[in-house]
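Here is a short briefing on one protein model. Start with the overall fold, then turn to a single residue.

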Amino acid sequence: MTLTKITPGQPLTDTQKNGLQLVSLLGGGKRDVVLAIDVTESVGFNDQGRIRLRQIVEDSLKPGDLVYVVPFAQNVVSGDVISLENPLGTPIYFNQKNPENINKILAKIPFNYDPNRYGTDIQRAELTVYQGIAQINQNRLAKNQPIKPQSVVWVTDAPRFTKPGITSEIWIETPRDSPFRSSTSPESQERQNWLNALPLKERSLIIKSENNKDYTLSVVDLNPTIQEFCTPAPGGQETCLVNPYLLQQLWPPTFILLLILAAAGSGIFKFYQLQKKWDLQVTFEVHGEDEPQRCRLPNNKKIAIGEHNSSYVDSIECPGGEIRAYLERKGEKLYLVPMENGKIQLNSKIVTSRTLITGNKFTLNCPDSRQKDYEISINIKK
């Protein structure tokens with residue numbers, strides 16, 4: 001797959017921002033954490049500085065985080081191979097919180113300044129870091145992988161977020177030949193464009209160095225984001241990056257969620273149906289115009305055909321002094337169960353064993369000893 005160096009794109013809509021946030025959450029909430037550390041002599045770590053960096057590594061990193069250690073002075077001085085694939089060097093995969101992983105990251109952090117490094121070009125470092133983290137998420141878009149939220153931890157005494165054109169009056173260490181001294185240089189404009197394009201949220205803490213000078217430990221958090229590029233296409237259409245990416249990332253979990261909701265809805269409906277009592281309207285042909293009898297039948301209950309018995313929820317009268325059969329409800333099914341030697345017919349057919357009743361209307365016949373018919377019509381309202 002061919003990767004392209006990314007430039008700031010078009011503003012995202014609120015819907016797109018929310019969609020990207022959801023993509024990152026579905027990806028497990030894993031993050032990119034960049035430790036950008038000034039290695040010049042002016043930032044001399046004292047015990048407090050070391051403690052705070054250890055706190056970040058030991059307490060705030062989460063399993064699944066990718067950690068990038070980026071030392072800088074006039075340039076980024078990482079020993080890693082820099083490429084479009086890894087624009088901030090090779091990350092350390094923090095797969096679980098244990099001493100081995102913690103020590104692996106601490107070992108890569110330059111806790112002592114480098115006497116051979118001087119002249120911090122802070123604006124060059126900002127451009128490198130912010131363009132780099134944007135490239136990392138854009139690479140994930142190209143590979144159709146979930147993007148991540150990102151954080152940059154800055155440890156430096158240099159002022160950051162300054163306007164384009166950082167002269168010696170603003171920051172004395174700015175190298176004389178740095179293109180960032182000019183506010184109109186392509187590098188200055190590119191840095192400013194990234195500061196404007198990325199959703200940067202900063203929290204800072206002032207720390208005293210070993211030389212009793214101030215330096216800043218700042219954490220800049222970025223919500224998960226990618227750069228949008230929309231281009232006119234033939235036929236009055238437009239091709240964009242973000243919406244197709246969101247569709248590819250979100251349709252599988254959305255489909256699964258819809259299946260779960262459908263199954264849950266079906267389960268709730270079925271549960272409701274099972275809890276609902278059936279209404280049986282019973283009409284006796286021999287009674288003529290008499291008011292029909294009404295019976296209520298809950299799930300897993302029975303109605304006796306014959307005399308009343310307390311073990312049944314209700315009864316339907318028929319000739320003789322015994323129970324000939326009973327109606328039994330099992331979920332959404334209704335059965336006619338004849339008693340031994342009980343004479344009963346279902347829809348004009350003699351029933352001698354447990355029989356499933358189909359339909360919501362049926363007739364029973366309970367002939368007496370003289371074979372005289374005693375028909376009962378039953379209508380079920382579920």
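The points below cover the model, its overall shape, its surface and charge, and one serine.

This is a predicted model: local features need pLDDT of at least 70, side-chain atom pairs count only at pLDDT 80 or more, and totals for chains, interfaces and linings use all residues. Residues are numbered from 1 along each chain as its sequence is written, and side-chain values use heavy atoms, leaving out hydrogens and water.

**Overall shape**
- The protein has six helices and 19 strands (DSSP runs: H or I of at least four residues, E of at least two).
- Its radius of gyration is 39 Å, well over the 21 Å that the globule rule gives for 382 residues, so the protein is more spread out than a compact globule (C-alpha atoms; the rule is 2.2 Å times the number of residues to the power 0.38).
- The C-alpha trace spans about 120 × 60 × 35 Å along its principal axes.

**Burial and contacts**
- Of the 382 residues, 43% count as buried (under 20% relative accessible area, 1.4 Å probe, protein chains only).
- Take contacts (heavy atoms within 4.5 Å) between residues at least 6 apart in sequence: 63% join residues at least 24 apart.

**Charge**
- The protein carries 44 positive and 41 negative side chains (Lys and Arg against Asp and Glu; His and the chain ends are not counted).
- The centres of the two sets lie 4 Å apart, with each charge placed at NZ of Lys, CZ of Arg, CG of Asp or CD of Glu.

**S315**
- S315 sits in strand β12, residues 314-316.
- S315 counts as buried because its relative accessibility is 13%.
- Leaving out residues up to four places away in sequence, S315 touches Q293, C295, I303, A304, G306, E307 and H308.

Technical notes: Buried means under 20% relative accessible area, exposed over 50%, partly exposed in between (1.4 Å probe, protein chains only).
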